Structure formats: structure tokens, C-alpha cells
Amino acid sequence: MSAQRSPEISAEFKLRVLRDVAMAKHTSWHVGGPADLFFTPRDAADLASFIRQLPPEVPMLMVGLGSNLLVRDGGIRGAVVSTHGALGTLERLSATRIQAEAGVPCARIARQCVKWGLGPAEFFAGIPGTLGGALAMNAGAWGEETWRHVVEVDVLDRRGFRHTRKAADYEIGYRTVKGPDNEWFIGARLEFERTPGVNTEAIRDLLDKRRQTQPIGEWSCGSVFTNPPKRHAAQLIESAGLKGFRIGDASVSEKHANFIINHGRALAADIEAVIVHVQRTVEKVHGIRLSTEVRIVGVPA
Ligand SMILES: Cc1cc2nc3c(=O)[nH]c(=O)nc-3n(C[C@H](O)[C@H](O)[C@H](O)COP(=O)(O)OP(=O)(O)OC[C@H]3O[C@@H](n4cnc5c(N)ncnc54)[C@H](O)[C@@H]3O)c2cc1C
């Protein structure tokens with residue numbers, strides 16, 4: 001490990017920070033090389049202390065469930081902080097308002113809101129990520145979006161200071177969120193409506209619909225590309241004849257052309273090569289350049 005790859009960690013955290021952790025274990029594509037440092041905080045205060053002692057030149061990446069992340073095979077230089085299994089409180093603040101920490105899985109928010117008689121939060125059920133990831137991505141489904149419900153977020157900056165920001169402090173778009181640089185979400189207050197009739201059947205129906213049209217259960221990151229204005233990426237990919245296109249153990253799904261599947265042994269490089277091929281082919285056939293929704297991070301092997 002080079003000097004640059006072994007950043008100094010204070011004694012307080014030394015035993016709790018893992019080194020050279022395979023990111024393949026922390027992504028839904030099950031690919032990705034080692035993170036130099038990997039840390040799971042106990043709570044938000046613990047995370048703030050960790051950030052404070054991390055040398056400022058060490059890059060930091062916050063991850064949730066890795067369900068929208070392609071980590072390259074050479075891994076990640078710097079520190080990865082995982083909120084999954086940490087930052088997990090979820091509570092009701094008032095008749096229509098809830099508060100959740102960044103590590104809470106979206107599916108749990110959907111289920112709990114149904115129990116509380118609040119909606120529409122059912123769309124969260126099929127998003128296999130955390131609230132933090134949903135805030136970073138403005139995740140959405142069935143015409144709903146995360147930020148439509150955000151009142152305020154709590155963030156930490158790179159010096160470990162906590163701030164509360166209003167939704168209006170962010171520029172929100174389709175799967176894009178622009179806010180102050182170098183800040184990470186640790187929680188949010190979300191507003192819903194009273195929907196006393198809502199029940200878990202609504203969630204079951206949405207999940208059934210997904211199973212009919214998406215390769216649920218296979219290793220993927222959901223939709224790889226965002227939909228261009230007024231077009232569907234899946235339709236563009238399918239009509240370019242790319243369903244089933246394969247490199248190594250990665251292929252365009254036969255069931256939903258905007259999904260790329262790892263059949264078991266794919267490298268991140270295989271998946272990235274499929275992504276590039278799809279972009280080039282769709283551009284050649286339709287004259288439209290597809291942009292990736294998935295976040296590609298790390299260095300090649
Ligand atoms: C089968 C399947 C179906 C999917 N369906 C949908 C869908 O219907 N709609 C949809 O929008 N997405 C969908 N996705 C994609 C994915 O689940 C969402 O983008 C989700 O919000 C990502 O959350 P995560 O916790 O896994 O984030 P990660 O993949 O871990 O991270 C994604 C990005 O968010 C950043 N990030 C994560 N946590 C934080 C934080 N606390 N603070 C700041 N930045 C953070 C990461 O750095 C990264 O840039 C699907 C994925 C799969 C595998």
C-alpha cells in the first residue's frame with residue numbers, strides 16, 4: 001500500500017476503520033475493487049468526529065446500499081463511509097411529518113408510512129437504497145420523487161460541522177440534486193399527507209408490477225441511463241437491437257433494456273464497456289446521447 005493509500009487515522013478510530021475492503025460486497029452489482037478505508041459510524045456524532053480527524057486531503061465518499069453505484073475494479077482511494085446499518089432512526093414528528101436518518105432503507109419508510117396512514121410514500125418500497133442515496137439522487141418511481149416531500153435536511157460538511165438546510169437551498173431536477181459542495185446527508189424531515197385508507201396492498205401491487213417488467217432478484221443497479229426528454233432510454237436501447245448484448249458476464253437485460261445484469265463473474269470493466277457500447281450504438285442509431293443515472297466511481301484496475 002502506498003503512503004497515499006494509507007491515510008493516518010487517529011487512535012480513537014484506528015481499530016474501527018477497515019482497510020482494503022472489497023466494494024463488491026457493498027454494491028448491488030457485486031463488483032468493485034477495494035476501498036482504502038471503510039468506516040461505519042455508530043451515529044451522527046460519531047460520524048462527525050470521524051470526519052473531523054480525517055486529514056482534509058483524504059477524499060471521502062458516502063454510500064448507502066450501493067444500489068446506484070458502479071465502483072471500478074481498482075477500487076476507491078480515500079475513505080468510504082457507509083450509512084447502511086447505521087444512522088437508522090425513523091420517527092413521526094406530527095400528523096403529517098416524519099424524520100429519518102440517512103441510513104434508513106427506503107422500503108422501511110414506505111412500510112412505516114403506510115402504518116402511520118401517511119402517503120404517498122409507497123413509491124419508496126421498490127427503491128432498494130437508503131434515504132441518503134434517495135436524497136443524493138432524487139430517487140423516484142411511479143411519478144413520485146423524493147424531494148417533493150423534503151422539508152429540511154441535516155448535513156455534515158467536510159470539517160464535521162452539522163447544518164440544517166431547507167429544500168429551497170437545493171436545485172432539484174430529474175435524478176439530480178445540486179447543493180453546497182462537500183456536504184453529506186445525515187437525515188431529513190419529510191412531509192406527507194394523511195391517507196387513512198392506504199394499506200400494504202398498495203405496496204404489494206407496485207412491487208408486483210415491478211417484478212413483471214424488471215429483472216428483480218438479478219444483480220443490477222436498476223436503470224443505468226436517465227430518460228432523455230420525452231423519450232424512454234429502455235425503448236431506445238431495445239430498438240437499437242441491444243437487448244442481450246453481452247461483454248464477459250455483463251449483459252443488457254432481456255426483460256428491461258435499461259438494466260445491465262451481472263450474471264455472476266462480471267468485472268466493473270465489463271459493465272462499463274457495455275455502458276459505453278450502448279451509448280455509442282444508441283447515438284449512432286437514434287442520434288441521442290444517453291447519460292448515466294448510475295454513479296461511476298473509483299479507479300480502473
Ligand atoms: C432493482 C433496482 C431498482 C431500482 N429502482 C429505482 C427506482 O425505481 N427509482 C430510482 O430512483 N432508483 C432506483 N434504483 C436505483 C437506486 O436504488 C437509487 O438511486 C437509490 O436512491 C440509491 O440509494 P443507495 O443508498 O443505494 O445509494 P448508493 O448507491 O450507495 O449511492 C448513490 C449515490 O448517492 C450518494 N450518497 C449515498 N448516500 C449519501 C449520503 N448520505 N449523503 C450524500 N450522498 C450520498 C453516493 O455517494 C452516490 O453518489 C434501483 C436500483 C435497483 C438495484
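The model is predicted, so to speak of local features a pLDDT of at least 70 is needed, side-chain atom pairs count only at pLDDT 80 or more, and totals for chains, interfaces and linings use all residues. Residues are numbered from 1 along each chain as its sequence is written, and side-chain values use heavy atoms, with hydrogens and water left out. Helices (H or I, at least four residues) and strands (E, at least two) are DSSP runs, numbered from the N terminus.

**Around the ligand**

- The ligand is surrounded by 33 residues, and the closest are Met62, Ser67, Thr130, Gly140 and Arg210; a residue counts as near if one of its heavy atoms lies within 4 Å of the molecule or strand in question.
- Backbone first: a polar backbone atom of Met62 sits 2.7 Å from an oxygen atom of the ligand, and a polar backbone atom of Gly64 is 2.8 Å from a ligand oxygen atom.
- Taken alone the ligand exposes 970 Å², and the protein buries 92% of that; accessible areas come from the Shrake-Rupley method with a 1.4 Å probe, and for residues only the protein chains shown count as cover.
- Strand E3 (60–63), helix H4 (131–137), strand E9 (140–141) and strand E15 (183–191) are the elements that give two or more residues to the shell around the ligand.
- H4 gives the most to that shell, with five residues.
- Sorted by class, the shell has 16 nonpolar, 13 polar and four charged residues; here Ala, Val, Leu, Ile, Met, Phe, Trp, Tyr, Cys and Pro count as nonpolar, Asp, Glu, Lys and Arg as charged, and the others, Gly among them, as polar.

**The five-stranded sheet**

- Strands of a sheet pair through backbone hydrogen bonds, either parallel or antiparallel; two strands pair if DSSP finds at least two bridges between them.
- This open sheet of five strands runs in the order E6-E7-E15-E11-E12, with antiparallel pairing.
- Its edge strands are strand E6 (90–92) and strand E12 (162–166), each pairing on one side only.
- From one strand to the next, the twist averages 20°; for angles, axes are lines fitted to C-alpha atoms, for helices over the stretch in contact, and angles run from 0 to 180 degrees between N-to-C directions.
- E6 and E7 are antiparallel partners over three bridges, and they form a hairpin with four residues between them.
- Leu90 stands opposite Ala100 in E7, and Ala100 has Ala188 as its bridge partner in E15.
- Strand E7 (residues 97–101) and E15 run antiparallel, joined by five bridges; Glu101 stands opposite Gly187 in E15.
- Helix H2 (residues 44–53) packs on this sheet, touching E7, strand E11 (150–157), E12 and E15, and its direction makes about 40° with that of E11; contact means heavy atoms within 4.5 Å.
- Helix H3 (residues 106–116) lies across E6 and E7, running at about 25° to E6.
- E11 and E12 also pair in the antiparallel sense, over five bridges, and Val153 has Arg165 as its bridge partner in E12.
- The hairpin of E11 and E12 has four residues between the strands, and Gly160 there takes a positive phi near 85°.

**The three-stranded sheet**

- An open sheet of three strands has the order E17-E18-E19, again with antiparallel pairing.
- Strand E17 (246–247) and strand E19 (260–262) are its edge strands, each pairing on one side only.
- E17 and strand E18 (residues 250–252) pair over two bridges, and Ile247 has Ala250 as its bridge partner in E18.
- Helix H7 (residues 268–286) packs on the sheet and touches E17, E18 and E19, its direction making about 30° with that of E18.

**Backbone details**

- The peptide bond joining Gly119 and Pro120 is cis, with omega about -5°; Pro120 lies in the loop between strand E8 (118–119) and H4.
- Trp142 has a positive phi near 50° in a residue other than glycine, and is found in the loop between E9 and strand E10 (144–145).

Technical notes
Polar contact = N/O pair within 3.5 Å; in protein donor to acceptor, adjacent residues only side chain to side chain.
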